[in-house]
Amino acid sequence: MAWQGLAAEFLQVPAVTRAYTAACVLTTAAVQLDFLSPFQLYFNPHLVFRKFQVWRLVTSFFFFGHLGFNFFFNMLFVFRYCRLLEEGSFRGRTADFVFMLLFGGVLMTLLGFLGSLFFLGQALMAMLVYVWSRRNPRVRVNFFGLLTFQAPFLPWALMGFSMLLGNSVLVDLMGAAVGHIYYYLEDVFPNQPGGKRVLLTPRFLKLLLDAPEEDPNYLPLPEEQPGPQPPPPEQ
């Protein structure tokens, strides 16, 4: 019964958050059970473009290390802030949310190539936290019961805690930088004099992921309208 309740609760999670979290957990479980090796997952431009191991462009975002405190710490923040974004500022805009992840993933892959970074999931987590914190500047955050501060300070507190865990600060900085680029192009620049939206979600993503918009000029048939139905016409 407990597992059924947990499964039912998980199915209530928005689709993108559910899919990404499940992919991260299943990838880590596969490595832990020796079905996969981290050497099959890490980002390597030579293997991607010379050996056509293109899955590395995706799997480098799924692996957060072996099971342990570091893994659960990262999963907690990935799940929480991915869900908060998807249920908050991206509510009803699944295509825009996926496009944000794709935009961030492409930039991180390019920067990862320049910085010789092999696993980029932590950078994506930092991006999600940064975007959420900038869109919710007045929210007060309780950081593990130790500190309470305004949301914009969360990425830097997270970065400091990540350093204590022995993680590379470069990965978190890259994620925050990509998050800032997205935030500026999406939320700041369009509101400047002469500014406009630069990041336009492709139409095919909207058709694929978003519910079709209702035509404001559509008049439903009488039998489709709520309330008492009119009597059928006499023959």
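Trainee: Contact means heavy atoms within 4.5 Å. With that settled, what does V48 touch, not counting residues up to four places away in sequence?

Mentor: V48 touches F43, Q53, V54, R56 and L57. Bear in mind that this is a predicted model, in which local features need pLDDT of at least 70 and side-chain atom pairs count only at pLDDT 80 or more, while totals for chains, interfaces and linings use all residues. Residues are numbered from 1 along each chain as its sequence is written, and side-chain values use heavy atoms, with hydrogens and water left out.

Trainee: Where does V48 lie? And is V48 buried or exposed?

Mentor: V48 lies in helix 3, residues 45–49. Helices (H or I, at least four residues) and strands (E, at least two) are DSSP runs, numbered from the N terminus. V48 counts as buried because its relative accessibility is 2%; the cut-offs are under 20% relative accessible area for buried, over 50% for exposed and partly exposed in between, with a 1.4 Å probe and protein chains only.

Trainee: Let me zoom out. How many helices and strands does the protein chain have?

Mentor: There are 10 helices and 2 strands. Along the sequence, the pattern runs α-α-α-α-α-α-α-β-β-α-α-α. Of the chain's 235 residues, 39% count as buried. Among contacts with a separation of 6 or more, 64% are between residues 24 or more positions apart.

Trainee: Nice. What about helix 5, how far does helix 5 reach?

Mentor: Helix 5 covers residues 69–87, which is 19 residues, and reaches 27 Å from its first C-alpha to its last. That is close to the 27 Å expected at 1.5 Å a residue (the expected span being 1.5 Å times one less than the number of residues).

Trainee: Which residues of helix 5 are buried, and what do they pack against?

Mentor: The buried ones are F71, F73, N74, M75, F77, V78, Y81, C82, L85 and E86. They pack against helix 2 (15–32), helix 6 (94–115), helix 7 (121–135), strand 1 (140–143) and helix 8 (154–164).

Trainee: Switching to charges, how many salt bridges are there?

Mentor: The count is 5, where a salt bridge is a side-chain nitrogen of Lys or Arg within 4 Å of a carboxyl oxygen of Asp or Glu. One of them joins R93 and D96, with the closest N and O atoms 2.8 Å apart. R93 is partly exposed at 26% relative accessibility, whereas D96 is buried at 8%.

Trainee: What else does D96 meet in a salt bridge?

Mentor: D96 also pairs with K206, at 3.3 Å from N to O. That pair links distant parts of the chain, with D96 in helix 6 and K206 in helix 10 (residues 203–209), 110 residues apart. K206 is partly exposed, with a relative accessible area of 35%.

Trainee: And which residue does E186 bridge to?

Mentor: E186 and R197 meet at 2.8 Å, N to O. E186 sits in helix 9 (residues 169–188) and R197 in the loop between helix 9 and helix 10, 11 residues apart. E186 is buried at 12%, and R197 is partly exposed at 39%. As for R93, D96 and K206, salt bridges that share partners join them into one network.

Trainee: Since helix 9 came up, at what angle do helix 7 and helix 9 pack?

Mentor: At about 40°, with their axes 7 Å apart. Axes are lines fitted to C-alpha atoms, for helices over the stretch in contact, and angles run from 0 to 180 degrees between N-to-C directions. Helix 7 is therefore oblique to helix 9; angles under 35 degrees count as roughly parallel, over 145 as roughly antiparallel, 65 to 115 as roughly perpendicular and the rest as oblique.

Trainee: Tell me about D172. What is D172 in contact with, leaving aside its neighbours within four places in sequence?

Mentor: D172 is in contact with Q122, A126, M159 and S162. D172 is buried, with a relative accessible area of 3%.
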